[in-house]
Amino acid sequence: MKNPIVPMQELASKKQWYSPVGRRLWLVICAPVVAQLLGSAFNIWYNFTYTQPLLSPAQLGVFLNTVKVFNLVGYPAGVALWIWIVRSLKQPCVQIQKGEPPRAEKLLKARQRVINLPWWGTVIAGGIWLLCIPVFLLALWLAPGELNPRILSDLPISFIIAALIAVTHGFFTIELLSQRLLYPILFQDARPAEIPGAFPLTLRSRGVMLAFCGGVCPIASLLLLALAPHSGGGGNAPFAIAVGGLGIAFSMSSAWMHGQLVVEPIKELQQVATAVADGNLNLRVELLRADEFGPLIDEFNQMIAELREKQRLQEMFGRHVGEQAALQILRRDPNLKGTEQELTVLFADLRNFTRRCATAHPQQIVTLLNIFLSEMVEIVEQRHGGMVNKFLGDGFMALFGVVDPDTDLPASPCYHATQAVTAAQDMLKSLQKINHYLESEGQLPLAMGIGIHTGIAVVGSIGSNRRLEYTAIGDTVNVAARVESLTKVMGEPLLFTGATQKALSDPFPTEPLPPQWVKGQPRPLSIYRLMLS
């Protein structure tokens with residue numbers, strides 16, 4: 001009784017062969033067919049037009065028998081060898097698609113073979129065509145009767161023309177289809193350009209091959225026809241026209257394939273480079289190449305990945321130290337010594353928030369703080385060009401005038417003082433909206449105090465070699481903090497010093513308050529409040 005498993009295994013094998021992998025392999029196998037058929041057609045036409053009249057009936061019989069034997073032995077052997085070489089890639093490709101990668105040495109051999117496929121096709125096809133010359137000449141030499149000397153030139157010419165037609169064009173076809181159909185399977189986690197033992201066609205050699213296929217081959221074929229000692233004068237005209245037409249067609253198709261193999265990656269690199277220049281870093285060039293384009297594409301993708309990582313780090317950095325601070329640190333040397341410059345410092349703090357924390361749930365406190373700080377940071381940094389430099393529990397310190405966004409230089413006093421006071425106005429208005437929301441949720445409203453002062457401060461990266469902070473220090477910062485503390489004493493939500501009031505460029509409705517003593521100052525500070533509508 002026959003084992004029923006064997007037919008099922010054979011059926012499964014056939015289905016596997018005609019799977020998508022099988023179809024891809026068959027397309028690669030058939031890649032040089034058109035070029036070989038055209039070369040054979042010219043060879044047959046040439047021999048029956050020029051060679052046959054030179055042969056006696058006995059020699060013609062030997063010639064035809066040699067054609068039959070060679071077609072039954074030589075060509076099938078070459079085709080079988082070509083099919084075996086390509087088909088040897090089936091098992092590793094199927095294993096990869098099933099998620100069962102083959103052993104490392106077997107996978108390496110498959111990758112080497114797929115890169116070298118064009119050379120295998122060239123050696124097999126070229127070898128068979130050139131083998132025809134000694135085989136047919138020897139057969140005719142052994143045939144009865146005296147051999148016409150012209151046979152010694154006509155036969156080699158016919159086979160050389162056929163080889164020139166078929167081999168070079170077949171090389172480009174095999175290479176193009178291999179890259180499109182097999183590289184995506186075999187090089188999912190490897191770079192074709194780094195495979196040892198492979199011999200990809202270099203860009204320089206590709207240009208020579210294109211010139212050879214599109215120019216040298218047709219011209220050489222025409223020269224061989226012109227030099228052949230035929231009778232009849234114009235008998236070569238049909239062949240010359242046919243060879244020339246075929247040369248033009250092959251030149252156009254070879255140029256198209258050359259464009260696919262060379263111009264297309266350049267075009268894709270250009271498109272991706274343009275997109276990256278416009279800020280889109282979520283791209284990469286997916287082409288798999290074993291020639292010089294391979295390392296270029298890999299380096300290009302690595303560059304995009306590094307830019308993407310730098311952008312991510314900058315965004316994360318900006319979230320921690322502030323967007324403006326991050327930009328300043330990235331523009332300058334992080335070890336830069338502090339520089340003195342005039343700026344406006346703003347301190348903001350929530351009133352009685354510590355008491356609130358003692359009675360509210362921690363998650364509610366964190367949520368409330370995030371809502372408050374998100375809105376305030378948006379106002380300071382996005383609307384008024386300031387820099388939220390550090391968070392202080394339920395408050396923060398902001399700097400205005402560190403840099404002018406229009407000139408990338410320190411801003412003028414009238415500019416940053418006006419920025420700070422305008423931002424403070426918007427902050428208080430925004431707090432009213434937050435309070436409306438809290439009251440609708442049954443929560444107590446928030447109260448805030450804002451203190452502002454304008455003066456000279458030291459700005460830069462301050463700290464140790466292991467930990468730096470980009471900030472401002474000095475008497476100006478201390479005074480701004482003291483003015484914010486005065487808001488609790490004086491019952492005002494917004495206070496600023498005379499230095500800030502003097503620097504304002506816009507006519508704000510301000511009102512002077514009694515001078516106030518603050519810690520660390522030799523004389524009372526002139527204090528102003530903004531008359532809010």
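1. C357 is partly exposed, with a relative accessible area of 33%. C30 is also counted as partly exposed, at a relative accessibility of 41%. Both values come from a predicted model. The labels follow because partly exposed covers the range between under 20% (buried) and over 50% (exposed).

2. How many disulfides does the structure hold? The count is zero. For a reader new to the term, a disulfide is a covalent bond between the sulfur atoms of two cysteines.

3. Helix α2 spans residues 20–29, and its buried residues are V21, G22, L25, V28 and I29. Viewed down the axis of α2, these buried residues fall within an arc of 125 degrees, so they line one face of the helix.

4. Strand β6 covers residues 494–497. Which way do its side chains point? L494 and F496 point one way, while L495 and T497 point the other way. All four are buried. As a general rule, side chains in a regular strand alternate between the two faces of the sheet.

5. β6 pairs with strand β4 (residues 448–463). The two run parallel and are joined by three bridges. Opposite L494 of β6 stands I450.

6. β6 also pairs with strand β8 (residues 525–530), here in the antiparallel sense and over three bridges. The bridge partner of T497 in β8 is I527.

Notes:
Residues are numbered from 1 along each chain as its sequence is written. This is a predicted model: local features need pLDDT of at least 70, side-chain atom pairs count only at pLDDT 80 or more; totals for chains, interfaces and linings use all residues. Side-chain values use heavy atoms; hydrogens and water are left out. Buried means under 20% relative accessible area, exposed over 50%, partly exposed in between (1.4 Å probe, protein chains only). Two strands pair if DSSP finds at least two bridges between them. A disulfide is a pair of cysteine sulfur atoms within 2.5 Å. The arc is that of the directions from the helix axis to the C-beta atoms.
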